[in-house]
Amino acid sequence: MTDDMTGARIVVHALREQGVDTVFGYPGGAVLPIYDEIFLQSDIRHVLVRHEQGAVHAAEGYARSTGKPGVVFVTSGPGATNSVTGLTDALMDSIPIVVITGQVPTFLIGSDAFQEADTVGITRPCTKHNWLVKDADRLAPTLHEAFHVAVAGRPGPVLVDIPKDVQFASGRYTKANPSNSQYQPSLTADEASIEALVDAIETAQKPLFYTGGGVINSGIKASKLLCQLVDATRFPITSTLMGLGAYPGSGRCWLGMLGMHGLYEANMAMHDCDLMINVGARFDDRITGRIDAFSPHSTKAHIDIDPSSINKIIHVDIPIIGDTAHVLKAVLAFWQSRGCKTNVEGVSDWWRQISEWQKVDCLAYESSCSTIKPQHALARLEALTQERKDRFICTEVGQHQMWAAQYLKFEEPNHWMTSGGLGTMGYGLPASIGVQLAHPDALVINVAGEASWLMNMQEMGTAVQYNLPVKQFILNNERLGMVRQWQELLHQERYSHSWSEALPDFVKLAEAFGAKGIVCKHPDQLDEVIMEMIEYDGPVLVDCLVEKHENCFPMIPSGKPHNEMLLATSASDDGVDEKGAVMV
Amino acid sequence: MAALKIKKGATSRSAYNLRPTFSDDIERHTLAVVVENEPGVLARVIGLFSGRGYNIESLTVAEVDHMGGLSRITIVTNGTPQVITQITAQLSRIVPVREVHDLTVEGATVERELAMFDVAGTGKKRLEALRLADIFRARVVDSTLKSFIFEITGTPEKIDAFAELMRPLGLRELVRTGVAALPRGE
Ligand SMILES: Cc1cc2nc3c(=O)[nH]c(=O)nc-3n(C[C@H](O)[C@H](O)[C@H](O)COP(=O)(O)OP(=O)(O)OC[C@H]3O[C@@H](n4cnc5c(N)ncnc54)[C@H](O)[C@@H]3O)c2cc1C
Ligand SMILES: Cc1ncc(C[n+]2csc(CCOP(=O)(O)OP(=O)(O)O)c2C)c(N)n1
């Protein structure tokens, strides 16, 4: 008995075997045979986006909120090139995505054929790995390998390029066998490194957990183990933008986000700690600030699955290479077997110091009864939605993104979707669509800036077509707010091209798509509008007209150490020197 | 064919093999990279160096295991210890890369490079070129009445030295293969 079938059918079979239920895509000449197969079946739902970039971001939202890889179909040439921003975004944020691209037939490759692009060449630096499949017999094993590579070790986007003749050709279907793959990143760390960390945990006086996306990547179990370890040691914990939700925002050891726009207490604790336990974070420059002044007195431990993350930017004393869940489990077991010791006295002094920093109340802002302060809008959103366990938040990129990270509390992993590493404006709307498709009954809110939102607004059509009740909560300051803030602080208020002269009427725009639009002009209307947004059963957009010149604080200016951060109350325009201005 | 004889070292997952990375001194390292012979694998390796701003002093590549579909790339690079460690870690991350060895760290190595020199001249210069070639154990692989092509194998330093000597004696053209390296036997 042979399992021969066409390449196109192999694709659909492989997806089914991989447990794929949803594909985001956009058809074209070079993928028509695959679309034909999609038409002939009903287990895999295809979601038609409006732009291929949207497809990849939607797949990212799907992936981040479920822990499963997101899948995308696009055609050759422009379909493939349109997916490049999404692929780069997923690579930077370690999101598992499988993109399947059509390609011109093998016998035309290299001839500048219609809609030919060197897709594997173009996407080589923005995928974890990619393949061009020229033989239908290789298709099934390559697709299975693609799914394996996307999720194994440090997750990331992969791409499989399939020429049209291979989609028509007949080939053998083979089943997945991931243990056969040559790619097997190791998950467990060596014992000596675990022991070194436990030694440090037992004696540290000013310990701090600095956690990141690598906890989320490792799965829900990793977050549970992290909470167990944190609550048992009573060590304070801060997290990067990418790691929010791994430890609950309401947890008693939680200090809030750290970094450039992180909380005062979190950054001060980073600067002054004597033991830093980095769990799945990568010492990004938004975190470290000036490298030579970064946490000068601490012993640094770093748990990461990717050896290239270790000692890349900051030299660490206790490198631990392994998967977060595996490592934390071993650390907990070893620490417990030695009697759960910590330096109780030292740590409570440390907490006393931290509570002094907390009194600074770094998120305080000047309130107003006539204009809507963006912080206030988010505080109300938080108050009116925090009960909802099924709340998922996406963001675009800019000030609103930072405010969302500061003013919303995340209680669980995988409920916060944001573009951190690449900072891609236009990420949030399609991501919210991906999340909503994976969680049809959940409350999915995209906290947006008007400029970012416009970058992929065409996806409102997708939301309407599939009747996805995504909430687009736009903090409209009529400015490229984050850019404007930098120009104010770094370029002596020369506001070069940082505002939009001709914004659309967002309510009419929503209506033109067939969605609901609500405008909110006054602080008194906020609660009502937010409730109306939540209760509306369908895609809805809120145009929330906020203060135009609000700055996002706290802020560590580029090139400054953690203990020189600007607060709303102390901000002056001598924040950044020339050396700092060179940094982004 | 027999399994490749390379010591396990930098690819071991133990972080304790990482070297301290404090020094700012620029070091020259020879890396052996065993890769699956799939299309584009060389582009991935080279793209890594250009994309992340690392240096390549020399690079050689050829299939070494036909049945297993493996090629071996030898890269001579330079950088601070921190950069060199990053390079090996980044190389290890490439999916079709099977093994990465920093031969410079792992112990003594034998390094060889092959070069060919086209040297033109008559009379005294021609004789002198031939005499030096003999001292350097270079072979004459082509000759006309007015020129020689010498083939020489040796360390990159030896080839540099020979090139210096040939330059005033009529060196017209020079080609080098880049370094191939193996760890010495234990
Ligand atoms: C406008 C703007 C402002 C920003 N400001 C801030 C800010 O103030 N504060 C802030 O924190 N961020 C900020 N960011 C985000 C920042 O750019 C980085 O994206 C973020 O800090 C990186 O988070 P991370 O270190 O958790 O790394 P991630 O990118 O999430 O990387 C995860 C790390 O974990 C490792 N890993 C993956 N899987 C596993 C596993 N299973 N086990 C173990 N390890 C694993 C990976 O190898 C990697 O090293 C900002 C972004 C934007 C766009
Ligand atoms: C695709 C893209 N282009 C440019 C930028 C640079 N950038 C970062 S934030 C920002 C302004 C965003 O404005 P808006 O979406 O209105 O959000 P706000 O900062 O006002 O909250 C810009 C232009 C970017 N991050 N992404």
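Which helices of chain A each supply at least two residues of the shell around ligand 2? The points below answer this and describe the surroundings.

1. Basis of the note. This is a predicted model, in which local features need pLDDT of at least 70 and side-chain atom pairs count only at pLDDT 80 or more, while totals for chains, interfaces and linings use all residues. Residues are numbered from 1 along each chain as its sequence is written, and chains are lettered from A and ligands numbered from 1 in the order in which they are written.

2. Ligand 2. Helix 17, helix 19 (450-455) and helix 21 (481-490) of chain A each give at least two residues to the shell around ligand 2. Helices (H or I, at least four residues) and strands (E, at least two) are DSSP runs, numbered from the N terminus. There are 19 residues around this ligand, and G398(A), G449(A), A451(A), S452(A) and G481(A) come nearest; a residue is near a molecule or strand if its C-beta atom, placed from the backbone, lies within 6 Å of it. By class, the shell holds seven nonpolar, nine polar and three charged residues. Here Ala, Val, Leu, Ile, Met, Phe, Trp, Tyr, Cys and Pro count as nonpolar, Asp, Glu, Lys and Arg as charged, and the others, Gly among them, as polar.

3. Ligand 1. Around ligand 1 there are 38 residues, of which G212(A), G213(A), G214(A), G259(A) and G420(A) come nearest. Two or more residues of this shell come from each of helix 10 (213-217), helix 13 (285-288), strand 13 (299-304) and helix 17 (399-407) of chain A. Helix 10 of chain A gives the largest share, three residues. The shell divides into 12 nonpolar, 18 polar and eight charged residues.

4. Contact between the chains. On chain A, 22 residues are in contact with 22 residues of chain B, contact requiring C-beta atoms, placed from the backbone, within 7 Å. On the side of chain A that touches chain B, strand 6 (129-132), helix 9 (191-203) and strand 14 (318-321) of chain A each supply at least two residues. Strand 14 of chain A provides the largest share, three residues. This side of chain A comprises 11 nonpolar, seven polar and four charged residues.

5. A sheet in chain A. Six strands form an open sheet with the order 3-2-4-5-7-6 (chain A) and parallel pairing; two strands pair if DSSP finds at least two bridges between them. Strand 3 (45-48) and strand 6 of chain A are the edge strands, each pairing on one side only. Within the sheet, strand 5 (residues 97-103) and strand 7 (residues 157-163) of chain A pair in the parallel sense over seven bridges. The bridge partner of G102(A) in strand 7 of chain A is I162(A).

6. Nonpolar cores. A nonpolar core is a set of buried Ala, Val, Leu, Ile, Met, Phe, Trp, Tyr and Cys residues joined through C-beta atoms within 7 Å, and a residue is buried if 20 or more other C-beta atoms, placed from the backbone, lie within 10 Å of its own. The largest core has 178 residues, and V11(A), A59(A), V72(A), I97(A) and L226(A) have the most contacts inside it. Helix 7 (residues 136-151) of chain A gives this core its largest share, eight residues. Another core, of 17 residues, lies apart from it and includes L31(B), A32(B), V33(B) and I73(B).

7. Chain B. The secondary structure of chain B comes to five helices and eight strands. Of its 186 residues, 27% are buried.

Definitions and conventions: Contact = placed C-beta atoms within 7 Å. Buried ≥ 20, exposed ≤ 12 C-beta atoms within 10 Å, placed from the backbone.
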